[in-house]
Amino acid sequence: MRSGWRPFVLVLLSALASGATVAVAAFAASGTATNSLAPVESFASIADPAKRSAAYFTELGKVLTNPRCTNCHPAGDRPRQGDDAHLHQPPVFRGVDGMGLPSMRCSTCHQAANFDPGRVPGHTVWHLAPIEMAWEGKTVSQICAQIKDPARNGGRSLDDLIDHIGKDTLVGWAWAPGVGRTPAPGTQAEAGALVEAWVKSGAACP
C-alpha cells in the first residue's frame, strides 16, 4: 500500500466501525449477565462431575461465541468486524498464512497496538485463526468438540488450552479491544480459570 493511502484507510475503517455497540441484556444459563463470567466456585453445587464440567464450558462459551473471538475465527476467508460481526471493510482475505494477501497484509493497517483515533485494533501478531479453527456459526457444543481435537485446535493439548485462553496476549486483546468495541465477557483470568476447571474435571462437552 502506498504510504499516502494509509490515512484514508484508517478513516474508512473508523467510519465503518462506528455505531457498532450492541445492547447486552440477556442472561446465560449460569444466571450471570452475558457481559460477565460466573466464578468457578459457583458451580460447586453441581454434584455430577460431567455435568459440572459441561457447565464450565457452557459458561466459557459466552467468550468463545462473542464477536471478539468469532470475528477472527470466521467460517470463510474473510474476517468480520464490529459488535455486529459484519464483513471486514475494506475487503480483505485470509491468505495462505492467515495474515492477508500479499497485496493487503493484516499488518498494513493493524499495528502493534490499538490505534484508537482511527478505531483500528492492533497486536503484534494480528491474524486470522486457521480455517479448521473456525467457530463462526457453531454452537457451544460444536466448539467444545472442536477445541478438544488437536487437528482442529492448532495442535494443542488440553493443558495448552489453559495457557492459550488464559494467558495468550492476542486472546487477551478480546478484553481490551479499544474504542468502539465491546470487550469479551468477564476477564481473561476468569476465562482461564473456567478452562482449567473444565480440563481438570474431565473436559466434558455440553
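This is a predicted model. Count the disulfides first. With sulfur pairs required to lie within 2.5 Å, the count comes to one disulfide. Its partners are C144 and C205, with the two sulfurs 2.1 Å apart. That S to S distance of 2.1 Å falls within the 2.5 Å cut-off, so the pair counts as a disulfide.

Where do the two partners sit in the chain? C144 belongs to helix α4, residues 140-147. C205 lies in the segment after α7, the helix that spans 188-200.

Now turn to the geometry of the bond. The torsion about the S-S bond of C144 and C205 is about -85°, so this disulfide is left-handed.

Is each end buried or exposed? C144 is buried, with a relative accessible area of 0%. C205 has 29% relative accessibility, so this residue counts as partly exposed.

C72 is in no disulfide. The nearest cysteine sulfur to C72 belongs to C106, 8.0 Å away. C72 has a relative accessibility of 17% and therefore counts as buried, as that value is under 20%.

What about C109? The closest cysteine sulfur is again in C106, at 9.5 Å, which is too far for a bond. C109 is buried too, because its relative accessible area is 10%.

To recap, C144 and C205 form the disulfide, C72 takes part in none, and the sulfur of C109 is too far from the closest cysteine sulfur to bond.

Definitions and conventions
Residues are numbered from 1 along each chain as its sequence is written. This is a predicted model: local features need pLDDT of at least 70, side-chain atom pairs count only at pLDDT 80 or more; totals for chains, interfaces and linings use all residues. Side-chain values use heavy atoms; hydrogens and water are left out. Helices (H or I, at least four residues) and strands (E, at least two) are DSSP runs, numbered from the N terminus. Buried means under 20% relative accessible area, exposed over 50%, partly exposed in between (1.4 Å probe, protein chains only).
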